[in-house]
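Let's take a walk through this structure together. Have the sequence and the model open side by side, and follow along from one stop to the next.

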Amino acid sequence: MQNLKQLEVQRCNSVEVVFDFEGLNIEEVRAVVILDHLENLKVEYLPELTHIWKKYPRAIRGFENIKSIEVSWCGSLKYLFSLSIVKLLVKLEEVKISYCDVLEEVVANNGGEDKVAGDILVLSGVRHLLLEALPNLTSFCPKMKTIASSTQNLYTVNSRIEETQHHHLFSKQDPTQSVCLGNLQTVKVHKCDSLGSLFPQSMATTLGQLETLELRDCKMMEEIVWKERGEDQETNEIEFPKLKKLEIGTLPSFTGFCQLEELLLIDL
């Protein structure tokens, strides 16, 4: 089992947790390394699933070699990662989440259970992120500062949110915490009806590798880049030097790309 490289959990109607550590004696498992060869995790058609990881003990090691996580058709799952789990996934390259009706966020603060204030939660290896048909998705990671660093592909498809409140997919809220994403090459957002914008200005200024931006069928989308309150006026310039494809359509509330003084799109 310790040499397992690929794990698929499918069509188990009663499964609520994939990795359940609740009740473990920390002293007994302190030296244990769990599934450190696991590279690919696929979870689908689990209607009662509420957690992929539950009560993970920080004293033990594991999951450091996971490269790909795919989750779909899990109708009771509200979030994918806790903050403490994100810190373990240092080699994660691909995340795909689709058809999870109650999913609200990708990374959750877990009601204060994860006390990681001041940490930078790095997802610097992530190259592909697919978010599809998530009707209650409101943010990637609430109450976190989001920094661009290495994610190459972001897809958000058919995420219809019925709330009237506008949400930022990526937000800057808590300066003591951050999630590193970055080097985005492709961003696609379709049918996210409660999103009012995608990126804060501080993140957009780092998206120098962006090649494709596609935004369609978002009823409440007003702008792609939003400006944070109190932002320095000297940062009013955003460059997308590698942008090759820009597709924007069916955005009835759209007012403009961003409320900035200067936007440079090079080599379109």
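Beyond its neighbours within four places in sequence, S139 is in contact with E104, E105, V106, H168 and L169. Bear in mind as you look around that this is a predicted model. You will find S139 in the loop between β12 (128–132) and β13 (145–147). Is S139 buried or exposed there? Its relative accessible area is 7%, and because the cut-off for buried is under 20%, S139 counts as buried.

In soluble globular proteins, nonpolar side chains tend to be buried together. Here the largest nonpolar core has 69 residues, and F19, I52, W53, F63, F81 and F199 have the most contacts inside it. Helix α2 (residues 83–86) gives the most to this core, contributing three residues. Take F19 as a way in: leaving out residues up to four places away in sequence, F19 touches L7, L35, L38, L41, I52, W53, K54 and F63.

F199 stands opposite V225 in β21. Strand β19 (199–200) is joined to β21 (residues 223–226) by two bridges, and the two run parallel. Step back and you can see an open sheet of three strands in the order β19-β21-β24, with parallel pairing. Which strands stand at the edges? They are β19 and β24 (256–258); each has a single partner strand, so one side of each is left without a neighbour in the sheet.

How values were computed:
Residues are numbered from 1 along each chain as its sequence is written. This is a predicted model: local features need pLDDT of at least 70, side-chain atom pairs count only at pLDDT 80 or more; totals for chains, interfaces and linings use all residues. Side-chain values use heavy atoms; hydrogens and water are left out. Helices (H or I, at least four residues) and strands (E, at least two) are DSSP runs, numbered from the N terminus. Buried means under 20% relative accessible area, exposed over 50%, partly exposed in between (1.4 Å probe, protein chains only). Contact means heavy atoms within 4.5 Å. A nonpolar core is a set of buried Ala, Val, Leu, Ile, Met, Phe, Trp, Tyr and Cys residues joined through side-chain atoms within 4.5 Å. Two strands pair if DSSP finds at least two bridges between them.
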